[in-house]
Amino acid sequence: MSRTVLVAPTGHGVGLTSTCLGLVRALQQRGVDVAFYKPLAQPGSEAGQPDRSTALVRLTAGLSAPEPIPADEVEARLSQSGLDELMQEVVATSEPVCSAHDVVVAEGLVPAEGLVYSGRVNMALAKALDADVVLVGAPGPGTSPGHLAETMAIAAQSYRSNEQDRVVGAIVNRASSTMPADVGTMAAALRERGLPLAGVVPFSRELTWPRVQDIVRALQARGLRVEPMNEGEPDRRVKEVIVAAQGLPGLLPVLREGVLVIVPGDRHEVILSSCLAAMNGARLAGLLLSVGIEPDPRVWELCRPAARSGLPIFLSPELSYETATVVHDIDPQVPTDDLERAGKVTATVAASLDDGWLATLSGTTHARRLSPPAFRHRLTSAARAAAKRIVLPEGTEPRTLQAAVLCQELGIARPVLLGQRDEVTAQAAGLGLALPGGTEVIDPVEVAERYVGPLVEARRHKGMTEDMARDQLADPITVGTMMLRLDEVDGLVAGARHTTAATLRPALQLLGTAPGAGLVSSVFFMCLPDEVVVYGDCAVNPSPSAAQLADIARQSAATARAFGIEPRVAMISFSTGTSGAGADVDKVAEATRLVRQLEPELVVDGPLQYDAASVASVARTKAPGSVVAGRATVFIFPDLNTGNTTYKAVQRSADVVSIGPVLQGLAKPVNDLSRGALVEDIVYTISVTAIQAAQRAGEAPVAATGAAGDRGPGAPVLAR
Ligand code: ACO
């Protein structure tokens, strides 16, 4: 199973990219199949330029990392449609990488100036990618190990929720002499705060040395027309910069290897001395002539031998102070074409990471959680792959109509709208919508007669006559259900106007239960902040018996599995084990026994209280040893009063998106909508229905669909 590790900074200038490069290298050295992925380009990076981190990983590790979502697109999405939609897109681009490698190192955003949202985005990335988190911090001048550990512990709090701690390690980068690279002290300070030390990377000045060409590029990037008088060897490293203001006697001792001399072009004695020093073996980094004055041609003639020996000499139009300021402010990050420096940085970080800690990264991982953006992405992409025809009997209902248009445009399904054609067109026009080409509209009144015979046939044993059938077929839901019964469509979605009973009854009567199902029940996919869990039955069976409850549990586990959620089933009660007693508890205990008997390999436990089922610390006290308690993903409620009340309470009070009710146990896919459904809810319900139709036809389940990862034009991204 693939593991994603999000590398996140605890501040600005901590060397995030270098750390990622080193981590990738260290894992490669251990033989781990590792990939790199930077989901979002760092805002502030030059538009049209390839992402720096991604380019460097390609350069140093030879990995074909995908391009991140461009920075301008990130900001546009954040301001217009919000974080959820952005995360859904991240999941879409990450899936091909995650499914193809054992470990994916993902780089977060750096909190650069003005990037107030970087922390929130990094937290959302960790959740969306269900990632473990490695924090990177760097000591400032005079920072003690204790203070640095404190800062990192504060950052770690952001990645803890509902007792889940995503932070698996902390890397201290650029540990200098002011914060001794004493691994033991640092490890102890972090351990005290519950953070495992993954490595201390010593500060090395060598890793900061730019090349002369980098400095020239920086000057040019600031709009300075820096002209080469002699290109020389532009790869020479600039280890030190001096502004030659002093007289010669003071200057001569500093004309040494790696020094870039900034001097006005008319200071001939300094220029000649520098060239002489170069001729005598001092491998100066270069001469940067300021004030835009070229040296006297006779002096320049004397400089030629030094220039021929490779000394880079450039002319800057700015005054010496301005030139020096730009040079001082040069971006400390490794340029994407500096293989030598990138290689050294990578090797230094890789060598500083703890071997034992690295081993834990390629080992077992936390129990996987399917995040809401990942779930929603899977729904829409799997529905696209299924390409099913879904009938929408409430064809003139505005939200249904909008959802149909979206599904048709995004290729999520081929909707069939039931309604009087003029009415549908007028309603669409009123909503400012044009029905996309290929959208089917069928007038149920026109076609009803065609289903009279088959309906009588289906319900003859219940005394159905032709007149009664005509009466029933006045209801478009019955017409749609008959279309499904006769395999003219692949699924049905209704309920934006009708009650659950009105939507469901025709399906129960005309489609019946699927082979092996004792009853029809339902689940909601509850998109909790960290993961999607399943609640059943919250919509259909008012008062199930123990045997029916067992059936509901098994059906819900199968639905969870089919939609990519690993089922760990909790049979919910007001009692955990024998803490409470009575007929209601006995029913849940009996249902649990039946599930175990009928499906021994299913992970199930009960009776469990909701807190014991969902919260690890409560589980340790109330149900120690339970394989489900504290980590349940499927919650089965004892009756409809409890289930319906709980789902609505969680949905409304915790502002949680719930997708459903998704019906299970029906012979053919029909799904109901809440009358308060939003357009997006309807799109997701249509997606679920299309997927169920594909599953019924024996096509690929959601978890295995290869459709994920498509972010080409029209790739469906819907989210709240
Ligand atoms: N599974 C399989 N078949 C069923 C089920 C079931 N759970 N329930 C009823 N049936 C069958 C019956 O056997 C009958 O079959 P038959 O006609 O071939 O003999 C057929 O369905 C119709 O039965 P009725 O008795 O007419 O239907 P009933 O009155 O039992 O209604 C219904 C079924 C609509 C599901 C009912 O149980 C109900 O109203 N449930 C609650 C719905 C609700 O209000 N939910 C809460 C709101 S939803 C929300 O909040 C999103």
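This short talk walks through one predicted model, from the whole chain down to single residues.

Some ground rules. Residues are numbered from 1 along each chain as its sequence is written, and side-chain values use heavy atoms, with hydrogens and water left out. Because the model is predicted, local features need pLDDT of at least 70 and side-chain atom pairs count only at pLDDT 80 or more, while totals for chains, interfaces and linings use all residues.

Now the overall picture. The C-alpha trace spans about 115 × 60 × 40 Å along its principal axes. The chain has 28 helices and 24 strands. These are DSSP runs numbered from the N terminus: helices are H or I with at least four residues, strands are E with at least two. The chain has 720 residues, and 57% of them are buried. Buried means under 20% relative accessible area, exposed means over 50%, and partly exposed is in between, with a 1.4 Å probe and protein chains only. Next, contacts, meaning heavy atoms within 4.5 Å. Take those between residues at least 6 apart in sequence: 77% join residues at least 24 apart.

On to domains. The bounds come from an automatic or database domain assignment. Domain 1 covers 3-204 + 336-361, domain 2 covers 212-328, domain 3 covers 369-512 + 667-710, and domain 4 covers 515-665.

Look at domain 1 and domain 4. Their C-alpha centres lie 37 Å apart. Six residues of domain 1 are in contact with six of domain 4. How much area is buried between domain 1 and domain 4? About 430 Å², with carbon and sulfur atoms giving 26% of that. Buried area here is the accessible area (1.4 Å probe) that two parts lose on being put together, summed over both. On the domain 1 side, the touching residues are three polar and three charged, with no nonpolar ones. For these classes, Ala, Val, Leu, Ile, Met, Phe, Trp, Tyr, Cys and Pro count as nonpolar, Asp, Glu, Lys and Arg as charged, and the others, Gly among them, as polar. Across this interface of domain 1 and domain 4, the rule finds zero salt bridges.

That brings me to salt bridges. The rule asks for a side-chain nitrogen of Lys or Arg within 4 Å of a carboxyl oxygen of Asp or Glu. The structure holds 40 of these salt bridges.

Take Glu-107 and Lys-38. Their closest N and O atoms are 2.9 Å apart. Glu-107 sits in strand β3 (residues 103-107), while Lys-38 is in the loop between β2 (34-37) and α2 (52-61). The two are 69 residues apart, so the pair links distant parts of the chain. Buried or exposed, what is Glu-107? Glu-107 is buried, at 2% relative accessibility. Lys-38 is buried too, at 1%.

Now Glu-466 and Arg-470, with closest N and O atoms 3.6 Å apart. Both lie in helix α20 (residues 466-472), four residues apart, about one turn of the helix. Glu-466 is partly exposed at 46%, and Arg-470 is partly exposed at 35%.

Last stop: Thr-689, in helix α28 (residues 679-696). Thr-689 is buried, with a relative accessible area of 0%. Leaving out residues up to four places away in sequence, Thr-689 touches Ile-390, Gly-491, Leu-492, Val-493, Pro-669 and Asn-671.
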